[in-house]
Amino acid sequence: MNLPAQIVGVIGIVFSLLSFQFSSRKLILLFQMTASLMFSLQLFMVNAITGGCLDLISFVRTLFFLNNTKKWASSRVWLFVFIALMVASGIYTYENGWSLLPIAGSVLSTVALWMKDPKKIRLISLLVGPCWIVYNLVHGAHTGALNEVLAMSSIILGLVRHDRNTKKEVNLDDRA
């Protein structure tokens, strides 16, 4: 086991888990951006090149999406630019069939983080985890895989804390 890579992964875990506990889109994205940088470094350290490149693109993508309320970054074109960059990077760094998993996860994550609604960010992000869990385990990035399990749990907790529908009280006088 590559201990320094796993330590970098633990740092990524901390930022990833905290991100889904914020109700602010800006804080979610800042913490996700930092987590992407840590996991990119971890994946390069375990020679998982496709995943490392995709997480590096994710870091830059999230920086753009963080600013998508500004005119220069608000165009929907950026969403498609980053999806195209991820697919192209995945093709260029393709190692084997396992390389398809982080491409799918990165595209889903890109769509999620483009959203302005934190609930939609959380819901779509739930689909990202399984792709990265398998890829990380195959490449020995154990803390990266653990992060995905914990992130999915954190997302569910965030959904319960911030997004669950509360039942409306029924006023008996309003019933017909």
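These legends describe close-up views of a predicted model.

View 1. Helix H2 covers residues 25-45, 21 residues in total. From first C-alpha to last, H2 reaches 30 Å. That is close to the 30 Å expected at 1.5 Å a residue. At the start of H2, look for serine 24. A side-chain oxygen of serine 24 comes to within 3.3 Å of the backbone nitrogen of lysine 26. Just after H2 comes asparagine 47, the subject of the next view.

**View 2. Asparagine 47 in the loop between H2 and H3.** Asparagine 47 sits in the loop that lies between these two helices. Its phi is positive, about 65°. Asparagine 47 takes this value although it is not a glycine. The residue is exposed, with a relative accessible area of 53%. Asparagine 47 counts as exposed because its 53% is over the 50% cut-off.

**View 3. A nonpolar surface patch made by Leu3, Ile7 and Ile11.** The patch has an area of about 280 Å². Leucine 3 belongs to helix H1, which spans residues 3-19. Leucine 3 is exposed, at 54% relative accessible area.

View 4. Helix H3 runs over residues 49-66 and holds threonine 62. Threonine 62 is buried, with a relative accessible area of 1%. The cut-off for buried is under 20%, so threonine 62 qualifies at 1%. The threonine 62 side chain reaches the backbone oxygen of serine 58 at 2.8 Å. The side chain of threonine 62 also makes a polar contact with the side chain of arginine 61, at 3.2 Å.

**View 5. The salt bridge between aspartate 163 and arginine 122.** The structure holds 1 salt bridge. Its partners are aspartate 163 and arginine 122. Their closest N and O atoms are 2.7 Å apart. The pair links distant parts of the chain, 41 residues apart. Aspartate 163 is in helix H8, residues 142-163. Arginine 122 is in helix H6, residues 118-125. Aspartate 163 and arginine 122 are both buried.

**View 6. Leucine 159 in helix H8.** Leucine 159 lies in H8. At 15% relative accessibility, leucine 159 counts as buried. It does so because 15% falls under the 20% cut-off. For a distance check, pair leucine 159 with leucine 63. The two leucines are 96 residues apart in sequence. In space, they are 24 Å apart, C-alpha to C-alpha.

**View 7. Cysteine 53 and cysteine 131, with no disulfide.** A search of the whole structure finds 0 disulfides. Cysteine 53 is in no disulfide, and its nearest cysteine sulfur is that of cysteine 131, 18 Å away. Cysteine 131 is likewise in no disulfide, with the sulfur of cysteine 53 as its nearest, at 18 Å. Cysteine 131 is buried, with a relative accessible area of 12%. That label applies because 12% is under 20%.

Note on methods:
Residues are numbered from 1 along each chain as its sequence is written. This is a predicted model: local features need pLDDT of at least 70, side-chain atom pairs count only at pLDDT 80 or more; totals for chains, interfaces and linings use all residues. Side-chain values use heavy atoms; hydrogens and water are left out. Helices (H or I, at least four residues) and strands (E, at least two) are DSSP runs, numbered from the N terminus. The expected span of a helix is 1.5 Å times one less than its number of residues. A polar contact is a pair of N or O atoms within 3.5 Å; within protein, one must be able to donate a hydrogen and the other to accept it, and residues adjacent in sequence count only if both atoms are side-chain atoms. Patches are made of residues with over 30% relative accessible area and no salt bridge: like charges are joined within 9 Å, nonpolar side chains (Val, Leu, Ile, Met, Phe, Trp, Tyr) within 5 Å. Accessible areas come from the Shrake-Rupley method with a 1.4 Å probe; for residues, only the protein chains shown count as cover. A salt bridge is a side-chain nitrogen of Lys or Arg within 4 Å of a carboxyl oxygen of Asp or Glu. Buried means under 20% relative accessible area, exposed over 50%, partly exposed in between (1.4 Å probe, protein chains only). A disulfide is a pair of cysteine sulfur atoms within 2.5 Å.
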